[in-house]
Amino acid sequence: MRTINFLLTAALLILLSVQATFAGDFQPDAGELYSIQIKGHDLVIGPNASKKATLQPFLKQNHSSYAFIMEEADGGYRIKNESNEYLYYSGYTMTFVAGYTPSLEQDGSKGYLFDFIYDEANEGYRLCAVKNGNRFVASDNIGSGESVYSDKPQTHANGVFLIVKSSEIKYDPKFAFDSDAVQIEFGKGATADEGKGLLQFTVYNYSGIVKVAVDDSGFTLSETECAVEDGVAYSLTVTSTKEIGTKATLTFSSSENVVMATIPVEVVKPSPRYYIINVESGLVIGGETFAVLSEREKDPSQYFLKVPVKGTADTYYLIQESSGNYLKKVEEGVGVYNFLVELGAQSKAEWKFPANGAYCGLKNTSCDRILMPDGNQLVSGGKLLLYGLNSDIGTKWELIDVANLESGEPWIEVLDENIIVEKNGLTFSTQIRALNLGNKTIDIEASEGVKVSLSSLSEGFDYKEVTISSSAEPGTQCSIKFLLDGKTMKTIEFTVQKKFERYIIRAHQLKPKAEIDPETGEPVIDPETGEPIEPEPLTELAIGNEENSLLPVLKELDAKDPSQYFLFVPVSDSTCYIVQDGTFRYFAKYEGDHWQTTLEPSTQREWWVNKTDPDSVIIRNMYNFRSLGVNKYEVGERIATDRGDCGWILEALGRMDVNNSDIILEDKNATAEVTIECANLKEDIAVVASEGFKVDKDILPKEGGKLVISSDDGTALEGTVALKSGIYSTTIRVRMKHSELKVSKEALAMSGKGATDMFVVTGTDWESEVKIEASEGLAVNVTTIAPAISINQAIIVSYTGRKSTEGTITVESGNYKKEIPVTVTIDSKIVVSDTELSFEDDGSAYFRVDGQDLFEKINITSSSEQVSVEPAELEADVMDGYVFLQYEEGVPQYDVTITLTSGDVTQTVKVKGKDGATGIQDEASNAIQAYVNDGTLYVSGIPVEAEVVITDIVGKQIHIDSLPYELPANGIYIVHVLEGQKSLKVFKVVR
């Protein structure tokens with residue numbers, strides 16, 4: 001290696017705030033620490049929190065992580081920081097690993113060895129990963145947090161580095177603001193005409209006094225001086241009585257009045273406040289220290305602002321209005337409680353909202369899981385964990401504008417109003433819901449020729465799936481109206497589309513060629529047959545998806561596989577949606593990945609299709625304008641959008657469309673004519689009617705035609721007419737008109753508090769209204785059913801009384817009348833674990849209580865004033881509720897009766913005094929002790945085979961990893977010491 005000269009110029013010092021060394025291959029000074037800076041930027045290579053090698057700013061607090069010792073070895077260098085972490089590469093990935101492990105260098109693409117090669121043209125060094133085929137280090141993008149990779153060419157634009165002495169790095173103060181400007185929200189201050197805004201900032205490379213000033217006297221600061229520490233976040237509140245649109249500037253200066261940073265301030269309209277709603281429970285996030293679920297109220301602790309994280313497109317802070325605190329992951333915790341969610345400072349407070357069905361998950365960027373309830377318990381007061389997957393209970397969330405819910409005005413939402421339907425073909429699916437309806441329902445009314453799967457909509461956070469189809473002619477203007485009390489709340493209009501062609505998207509594969517003899521240039525001859533050796537047959541591939549998967553992959557071409565059928569629906573003159581037939585799922589780029597495709601809901605679903613030659617097209621996603629392609633032509637290969645201009649062949653499917661596929665014949669002499677329109681068929685159409693029906697033609701031409709259907713002998717009530725041409729087929733359903741009405745159950749038997757049961761009313765060709773009436777004390781969810789060709793209505797019967805009863809549900813329509821007897825059994829009980837027990841030597845005793853079908857709280861009293869009872873009251877629906885008894889001194893000499901009452905339901909427990917005592921636990925049990933000290937639970941004397949289970953006062957188990965255990969909050973806890981199914985000891989402890 002050649003000796004280098006160290007050059008330092010004033011211009012370079014000003015530009016980089018460091019001293020750079022170059023001019024020749026690098027040779028370090030003994031004992032000197034160096035940093036590797038990307039040229040032209042105040043960024044150096046260092047480890048992030050996950051130990052990936054990334055570009056990082058000069059921060060004094062991180063100095064030791066990017067101050068490197070250069071260990072000379074094998075003609076190059078191993079690079080390690082002061083924490084003994086070595087820079088390591090494996091293929092293209094670069095990380096920092098603890099210590100040097102020679103075995104990790106055995107693979108040819110892995111290693112620790114680097115070389116510095118001086119690039120005279122660019123006046124900097126190229127960092128060569130010697131063991132990786134002499135590939136070079138560079139970053140795809142330049143910015144804080146961007147990864148560096150070890151598989152780049154030597155000429156990569158982002159691969160020029162300066163080697164700087166770490167001791168000579170100059171650390172200038174840096175301000176990091178949580179936003180580009182302070183927004184003062186008008187009307188959010190102490191009065192209706194006062195605005196309020198919050199700024200969080202962190203100062204790096206500086207500790208001391210920071211003075212804050214604003215250049216407009218109409219603005220007020222919560223603090224004008226802050227004593228800051230390097231890397232610690234601070235909050236500042238700004239208020240103003242100025243009108244919307246007024247602007248000012250905040251200035252941050254040192255104690256010597258040197259300006260360090262500025263940020264603009266503006267009075268703006270208030271941003272939306274959101275409820276963060278758990279869809280499955282309807283509960284919302286609130287809380288003080290820890291984030292908890294609670295019933296929705298008009299409470300600013302449940303209101304959150306959704307603030308974009310500066311420099312990102314899909315990441316946000318969620319800021320609690322009442323406190324200004326951030327919803328965040330805890331800084332650290334033990335076991336699963338390292339993933340608790342709290343309200344606090346800005347770190348670990350960045351959130352993304354990945355799709356979870358029609359809703360979203362809440363994913364914190366500091367970990368890989370999404371937000372879920374602690375212990376899968378969707379209860380008010382329950383804490384939250386970042387420990388869930390999309391399939392887990394309670395992981396579906398939604399942010400809804402507080403104003404929409406608190407206005408009290410009825411509100412309906414349709415997720416996708418871009419309705420695309422064909423005549424008797426492509427249907428459209430979307431999801432709808434309504435809020436603030438009270439006990440009313442919305443009626444859904446469709447124009448002629450339009451069929452909607454829902455006729456009414458009740459209030460609820462859950463979206464309801466609705467399917468829209470049409471028998472109207474192409475070009476017909478249609479509408480769907482949503483009415484409340486006869487008044488139109490919302491109208492959606494659409495036009496019936498002409499029939500779209502269906503295509504299979506085939507991979508443009510080159511056909512295998514026969515093997516050629518390199519000497520003769522002729523095909524190789526098979527010595528046994530004397531004929532040229534034929535190449536292996538080509539397995540033709542097309543885009544589709546496997547069952548129960550929404551990942552597009554290559555599948556073996558199969559014209560009978562509907563997952564391979566796609567429509568190209570125009571969006572503009574040059575772009576389109578690609579829609580999977582039958583499912584109406586959009587083929588799209590996955591929002592959570594730079595390149596992969598998906599059939600899940602995604603906004604990145606618009607495509608540009610360009611014909612490149614007579615046989616194939618290029619398909620590009622309009623979000624990143626990258627081409628659709630694959631790494632290799634193999635079954636199961638995923639489809640991505642980071643490939644070159646891969647070609648695809650669009651093969652039109654045969655089409656057989658029937659203008660009416662559901663025929664009703666009025667009587668045995670009636671006929672029905674249908675029209676069949678076809679395209680891209682290769683064979684004539686065979687026509688076969690099922691037994692009892694007939695057609696006027698057995699064969700139709702491949703272009704289609706008209707067909708007359710009638711009854712053969714009038715005996716068959718239902719049948720089909722099958723049409724088939726090659727691999728393509730369709731079926732027409734035929735039936736004779738006949739009226740019938742039935743109920744699914746002869747009698748109903750219901751039991752328990754809030755008892756319910758259900759039966760179904762079904763009917764065919766029913767022409768009069770059906771009425772459902774309940775006798776006194778019973779209720780039904782539906783009281784009338786409109787006449788219809790087909791009726792299938794579930795009737796839910798409920799009872800809210802407190803005593804057993806009998807009644808009747810009557811279903812009546814025209815001459816039809818059916819009475820369904822209903823029996824309701826209410827068995828109210830207070831169930832106790834022991835009706836007779838004994839005091840222990842310390843004068844204590846306990847038993848468990850379950851409430852069964854109770855309507856009032858359980859009151860608990862003692863026959864002796866010297867025996868205390870805790871608690872004195874339990875909820876009516878308590879399960880595994882504990883009651884603790886305590887005598888003032890020693891053990892009473894008499895028996896005590898504990899009485900539990902709920903309304904007119906009574907239960908007693910006899911507790912024996914000393915004379916009647918039957919003894920307590922054995923010696924091993926007596927040795928067990930439990931106590932709380934400074935919030936931490938200790939349990940001693942536990943037998944080897946025993947385990948400790950902790951629950952709260954209502955029986956909810958608290959998961960622990962080990963003892964001693966820090967109890968999560970103040971309150972009463974029950975400590976169970978179990979040996980198998982046997983209870984050795986139970987303690988009540990209080991934090």
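Strand β78 (residues 844-852) and strand β82 (residues 881-887) pair in the antiparallel sense over six bridges. Strands here are DSSP runs of E of at least two residues, numbered from the N terminus. Two strands pair if DSSP finds at least two bridges between them. Within this pairing, Arg-848 stands opposite Tyr-882 in β82.

This is a predicted model, in which local features need pLDDT of at least 70 and side-chain atom pairs count only at pLDDT 80 or more, while totals for chains, interfaces and linings use all residues. Residues are numbered from 1 along each chain as its sequence is written, and side-chain values use heavy atoms, with hydrogens and water left out.

**Two open sheets**

β78 and β82 belong to an open sheet of four strands, ordered β76-β78-β82-β80, with antiparallel pairing. Its edge strands, β76 (829-832) and β80 (867-870), each pair on one side only. The twist averages 30° from one strand to the next; axes are lines fitted to C-alpha atoms, and angles run from 0 to 180 degrees between N-to-C directions.

Another open sheet has four strands in the order β58-β60-β64-β62, again with antiparallel pairing. At its edges, β58 (655-658) and β62 (693-695) each pair on one side only. Neighbouring strands of this sheet are turned by 25° against each other on average, direction ignored. Strands β60 (residues 671-679) and β64 (residues 704-711) are joined in the antiparallel sense over seven bridges. There, Glu-673 stands opposite Val-708 in β64.

**Nonpolar cores**

A nonpolar core is a set of buried Ala, Val, Leu, Ile, Met, Phe, Trp, Tyr and Cys residues joined through side-chain atoms within 4.5 Å. Buried means under 20% relative accessible area, exposed over 50%, partly exposed in between (1.4 Å probe, protein chains only). The largest core has 35 residues; Ile-36, Ile-45, Met-70, Ile-79, Phe-114 and Phe-116 touch the most other members. Contacts of Ile-79 include Ile-36, Met-70, Tyr-86, Phe-114 and Leu-127, not counting residues up to four places away in sequence; contact means heavy atoms within 4.5 Å. A second, separate core of 32 residues includes Ile-432, Leu-457, Ile-468 and Ile-480.

**An exposed loop residue**

Ser-455 is found in the loop between β41 (450-452) and β42 (456-457). Its relative accessibility is 54%, so Ser-455 counts as exposed. Ser-455 touches Ile-442, Asp-443 and Ile-444, not counting residues up to four places away in sequence. Its C-alpha atom is separated by 9.6 Å from that of Val-466, eleven residues apart along the chain.

**Rings and charges**

The whole structure holds 30 aromatic pairs. Rings of Phe, Tyr and Trp (its six-membered ring) pair if their centres lie within 6.5 Å; planes under 30 degrees apart count as stacked, over 60 as edge-to-face and the rest as tilted. Two of these pairs are tabulated.

| Pair | Centre to centre | Plane angle | Class |
|---|---|---|---|
| Phe-177 and Phe-252 | 5.4 Å | 45° | tilted |
| Tyr-317 and Tyr-326 | 5.2 Å | 90° | edge-to-face |

Phe-177 lies in β15 (residues 174-177) and Phe-252 in β22 (residues 247-254), so the pair ties together parts that are 75 residues apart in sequence. Phe-177 is buried at 12% relative accessibility, and Phe-252 is buried at 0%. Ring pairs link Phe-175, Phe-177, Phe-201, Tyr-234 and Phe-252 into a cluster. Tyr-317 and Tyr-326 are buried.

The charged end of Arg-296 sits over the ring of Tyr-275, 5.6 Å from its centre. The criterion is NZ of Lys or CZ of Arg within 6 Å of the ring centre and within 35 degrees of the ring normal. Lys-329 lies over the face of Phe-339, at 5.8 Å from the ring centre.
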